[in-house]
Every structure is written in structure tokens, then in C-alpha cells.
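The following paragraphs guide the reader through a structure, beginning with a single residue and ending with the meeting of two chains.

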2 protein chains.
Amino acid sequence: MLGKVVVIGVGLIGGSFALALKKAGAARQVVGMGRSQEVMARALELGIVDSVTESPEEAMAGADLVLLAAPVAQTGPILAALAPYLDIGTVVTDAGSTKSDVVASARAALGSKVKQFVPAHPIAGRESNGPDAALAELYQGKKTVITPLPENDAGDVGLVAAAWRLCGAIIHTLTPEEHDRVFAAVSHLPHLLAFGLVDDIARKPHADLLFQYAASGFRDFTRIAGSSPEMWRDISLANRDALLTELDAYLAQLTILREHLAAGDGAQLEAIYTNAQRARRAWSEAIETAEPPPPKTQEPE
Amino acid sequence: MLGKVVVIGVGLIGGSFALALKKAGAARQVVGMGRSQEVMARALELGIVDSVTESPEEAMAGADLVLLAAPVAQTGPILAALAPYLDIGTVVTDAGSTKSDVVASARAALGSKVKQFVPAHPIAGRESNGPDAALAELYQGKKTVITPLPENDAGDVGLVAAAWRLCGAIIHTLTPEEHDRVFAAVSHLPHLLAFGLVDDIARKPHADLLFQYAASGFRDFTRIAGSSPEMWRDISLANRDALLTELDAYLAQLTILREHLAAGDGAQLEAIYTNAQRARRAWSEAIETAEPPPPKTQEPE
């Protein structure tokens, strides 16, 4: 049982964390903090938080656990604002989609107090945002990746893991660098590719004709191009090195596919398509066994 | 009202056409023909066709309309087998995903009788295949693209259009070359890209780790990589020139994205992402207005 939990950014991610802890009876008091008074008022109205504050000092006083659920580019400024009021017994965690840059910002903002910061990334989301989209069940059966720092106490890492388990999440542990390499491949690159394809089509002189005949394959392939441009700009830049590595590997793959296609080499094309189909089906079966399809959940943001 | 309709290949596409015409009371007799005795027996059992035959002569005798619904690579051999028995009053059409190659095969196989061949492509499908997947409603509200030949009589084109309208389809007209350029961009390229991405990930030494963290964005982006490798090998080769043009444009786009990313140019990345999001949302709204989401239909095959 936690005493005081502070959620900074009470939108989909932070709000769902707060609701899940409340539902589990695991937090005596949840305090919300954020830049938008409107969002804070709505979170209070929805019962996601018990109180709101604009004062870092008031928020940090006696806090057991602080979740940072704001865009990753704000990590440094927010932690710098909290740092002077951070009690020795308070554990801070985050929910950012990238980890190496978050860790670098946390080190710069917190100095030696970075030992109290346990970075994490819950792998869940929905298409909609804001406090009204928050769900107590959002993390049920989903992964949360914790990327502990060498400076972290085992007890603090355990506290963050326990809080996410109370939300229904399954805990995985990676280093920040491993995390960023993995998500560059399976999330950040696909987003860049989908944005790139839709922009490419939209700029063609006959774009209207093309879009007219786009069907369900196009719809699924490009669904993630409907995501927030600002958020994905930040993620792309925050994870630039790993994303460039994955993009270069993919460009090499497309160059090979282009050669097979230009040569009319059906056997080579079929070998690649067959390997992809096999791997896609194996993944699909494995993931559906491990994580039964949830209602309306979507890519992490 | 059609008298005798022949469907060659009574799987999802041909079977659904037969069922829709029967449901509309628009065909006195539907004859099925195909390579697999098992499939033909099942189509008969399901009432999709009234009779089956292995004889082109028997099938063609007195036929009003013939639908070729076999893989596009079989167009030439099948039409060559039918040609000697093709009555002057019979109209032949097809349902292939590519058109220029189908037209070339038809010209070679039919000679001057190519005037009786009206190429078409219904833009509908499902994940499952075979006669058991056939649905009378498959084409309801979906597009069918007809790509008439200069040799076609207007009356024959009208007959094919009327048959598809009876199935509930909305008729569009393109030239075979326009058709292939359009579908290279909005269907064939996305398939190649999705196959390419999954194969790329699957070949990495840490593929198991990567797949473990792939979530719903990856699932949607790669759904079409679960499609038939053989079918997509054939489509890729059949539409090679248009697909190479689209692939090269996309490679140029990715090269630009790579430059912006390497330069850390957030404004340029955001401009591309924003244009893509805007276009994707506009498309999604337009398509949902024009075609209300149907039950469980999928990418054309």
C-alpha cells in the first residue's frame, strides 16, 4: 500500500495508472499535476486524482511514488523543477517511449538524486488521449519494461515493479539502450515508414485518384500514420541513433528486394515473402496466446 | 437476366460472384470449372454452383458470361483452353489484381476474340479463401474497376458492369495501365514493404527479443505480410514496372527522411509527419463516408 502517489500529466497514460492503483486499493492519495488547468480539472471531476496542485513543493511533500507521464521532451524541465523538493524517500519513475534520452535528461536534472529515478515504459495505449480516455484496465496483461540504472536501489526498482503489477502489468527488464534498440525496430521504424508512405502518396499529382482506390490493406498499413506528428517527431529525435541503424538495415533490405524485382527473380521474392509470412504468423499466434486481444487498445505512444 | 454463367475458379472471389448473382435472381444457371475436384465438389455441395465440369467445350456451350477467377498467372493457359469453344455471343471477364499482364495474356490466347474479353478487378476480399469463405454480400458497396479494351463492344462492357452491379458493386473505369499504376501505389507497394520489414526483423540475431515487444502498431502495419507469398510473388512480377516506379519514389522519400533524421531536423520531420497525418485522416473520413465498414472484409487478393 502506497501513501501519496503523484501523477504528472494526467492524460491517458498517467490517468490509467492512477485509476488502476485506486481500483487495486493501492494508493491512499493520488495527486495530479500538469500544465493544463482544464485537464487537471477534468481529471479531478472524473475521480482520477484526489487533488491537484501547480506547486512542485506541495506535490513532492511526503510523496512515496511520482509517475512522470508527460511527453519525453519535457522530462528534463519537469525533473529540474521537482529536484529541489525531492525527499530522500520518494521514488520517481516515468512512462516515456524512449529511455536513453530520458535517462540523460534525468541525470542532468537530478544529479546524485538520479538514484531515486527508475525509468520505465508501459507498452499500452489507445487511439484516444486525455483523462477521458483513461481506463483502469489499460495495463491489464500488458508489458511494462523497466530499465533500471546502476545507481538505483533494488528496493526502489521493486517498488516501481510492484506498482505496475498492481495495475495488472507484466514486468520486463532491459537496459535503456536495449530498450531503445528494440523499440526502434518494432515501433519507431514502422511509424516513420507509414508516415513516409502516406506523405509520398499525398504529394503525387494524382493523389486523389490513388486514395480513391486505397482499401483495407492500405488502411491497416497506414493506421499509425494517424498518430501525433509532434509526439513522433520527438520520439524519432530522442531515439535517433537506434532508428537510423534500423532504417539503414531496412533500406538495404528494400534495395535487395528491388534487385530481385528488377531481375524478375520470382524465387527470391517468394523466399522473402514466405519467410515474412511464416514469421508474422508465428508472432501472431505467440502474442495472441500470451496476450488475449484487449478491447480497443492501441500502439503505445 | 443472364442465362448461363460460368465461373472458373470457385473460391472466395468466384464463389462470392456466383452467390451474389444467384441471390439477385440474375442467373438461370451457374456452372463451375476448376483444377481441384475437391474444391468443385465443395462448391456444388454449398450450392454456389448448379453443376461442375472439367470440359471447356461443355462449359462454354451457350455461355452468356464467363468469369475467370483464378490466379493471374493462369490467365493465358485458361483462355487458350477456352478459345476454341468460345461462342460469338459469350462475354468473358476476369477478377485479377493486375490488368496489363492479363490483357497481354488474353490477346495472345484469344487473338481476334479478345474483343469478347472485358478485364475487371473487384476491390474486395477476406482473410480466408476457398468456397467456404464465399459470401453473397462480399461485393456490396465495394468498387469493381473495369478496364475496357479498345476492341470491346460497348454492349459487352455494359453486360459485365451490369453483372457486378447486381452483386452490389460500384463500377469504376480505368485503363489497364492506370489501374496498374494506382494499385502499385496503394496495394502492391505496401505489401512488398510489409513483407520486407517482417523478413528483415526475422533475420536479425535478436529477432525473438524484438518480436516479444512488437505491439498493436506492428500488428496493423504488418498484417498484410500474412498474405499468400505465391500470390504476391505473381502480382509483384505481373506489375513489375509500375511497382518499381513506386518503390523508387518511396526509396527517395526514405532517403530524404533519413537526411532529416541524421541532421536532427525536427521541423522537417514534423512537416512530413503532419502532412501524412492530415492526408490519412482525410482519406479515412472520406472512405468511411463512401463505404461504411463491412463485416470482416479484407484487402483484395
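A:Met40 is buried, because 21 other C-beta atoms lie within 10 Å of its own, and 20 or more is the number required for that term. The model in which this residue is seen is a predicted one. A:Met40 belongs to helix α2 of chain A, which covers residues 37–45. When neighbours within four places in sequence are set aside, the contacts of A:Met40 are A:Val10, A:Gly32, A:Gly34 and A:Val52.

Six strands form an open sheet in the order β3-β2-β1-β4-β5-β6, with parallel pairing. At its edges stand β3 (51–52) and β6 (117–118) of chain A; each has a single partner strand, so one side of each is left without a neighbour in the sheet. Within this sheet, strand β1 (residues 2–8) and strand β2 (residues 27–33) of chain A are paired in parallel by six bridges. A:Val5 has A:Val30 as its bridge partner in β2(A).

Chain A also has an open sheet of three strands, ordered β7-β8-β9, in which the pairing is mixed. Its edge strands, β7 (120–122) and β9 (170–173) of chain A, each pair on one side only. From one strand to the next, the twist averages 20°. Strand β8 (residues 143–146) of chain A runs parallel to β9(A), and four bridges join the two; A:Lys143 has its bridge partner in β9(A) at A:Ile170. Across β7, β8 and β9 of chain A lies helix α6 (residues 154–166), which runs at about 170° to β8(A).

In chain B, attention falls on strand β5, residues 91–94. Side chains in a regular strand alternate between the two faces of the sheet. In β5(B), B:Val91 and B:Thr93 point one way while B:Val92 and B:Asp94 point the other way, and all are buried. Strand β4 (residues 65–68) of chain B runs parallel to β5(B) and is joined to it by four bridges, and B:Val66 has B:Val92 as its bridge partner in β5(B). Between β4(B) and β5(B) the chain passes through helix α4 (residues 75–82) of chain B, in a right-handed β-α-β crossover. Strand β6 (residues 117–118) of chain B is likewise parallel to β5(B), with two bridges joining them; B:Thr93 has B:Val118 as its bridge partner in β6(B). A right-handed β-α-β unit is made by β5(B), helix α5 (residues 100–110) of chain B and β6(B).

It remains to consider how the chains meet. Chain A and chain B each bring 73 residues to the contact. On the side of chain B that touches chain A, α7(B) gives the most, with 18 residues. By class, that side of chain B has 44 nonpolar, 17 polar and twelve charged residues.

One helix pair illustrates this contact. Helix α7 (residues 176–202) of chain A packs against helix α12 (residues 266–290) of chain B at an angle of about 75°, and their axes are 8 Å apart. The two helices, α7(A) and α12(B), are therefore roughly perpendicular to each other. Residues making this contact include A:Phe195 and A:Val198 of α7(A), together with B:Ile272 and B:Tyr273 of α12(B). By class, the contact of α7(A) with α12(B) comprises seven nonpolar, two polar and two charged residues.

Technical notes
Residues are numbered from 1 along each chain as its sequence is written. Chains are lettered from A and ligands numbered from 1 in the order in which they are written. This is a predicted model: local features need pLDDT of at least 70, side-chain atom pairs count only at pLDDT 80 or more; totals for chains, interfaces and linings use all residues. Axes are lines fitted to C-alpha atoms, for helices over the stretch in contact, and angles run from 0 to 180 degrees between N-to-C directions. Angles under 35 degrees count as roughly parallel, over 145 as roughly antiparallel, 65 to 115 as roughly perpendicular and the rest as oblique. Two residues are in contact if their C-beta atoms, placed from the backbone, lie within 7 Å. Ala, Val, Leu, Ile, Met, Phe, Trp, Tyr, Cys and Pro count as nonpolar, Asp, Glu, Lys and Arg as charged, and the others, Gly among them, as polar. A residue is buried if 20 or more other C-beta atoms lie within 10 Å of its own, exposed if 12 or fewer, and partly exposed in between; C-beta atoms are placed from the backbone. Two strands pair if DSSP finds at least two bridges between them. A crossover is right-handed if, with the strands pointing away from the viewer, the path from the first strand over the helix to the second runs clockwise.
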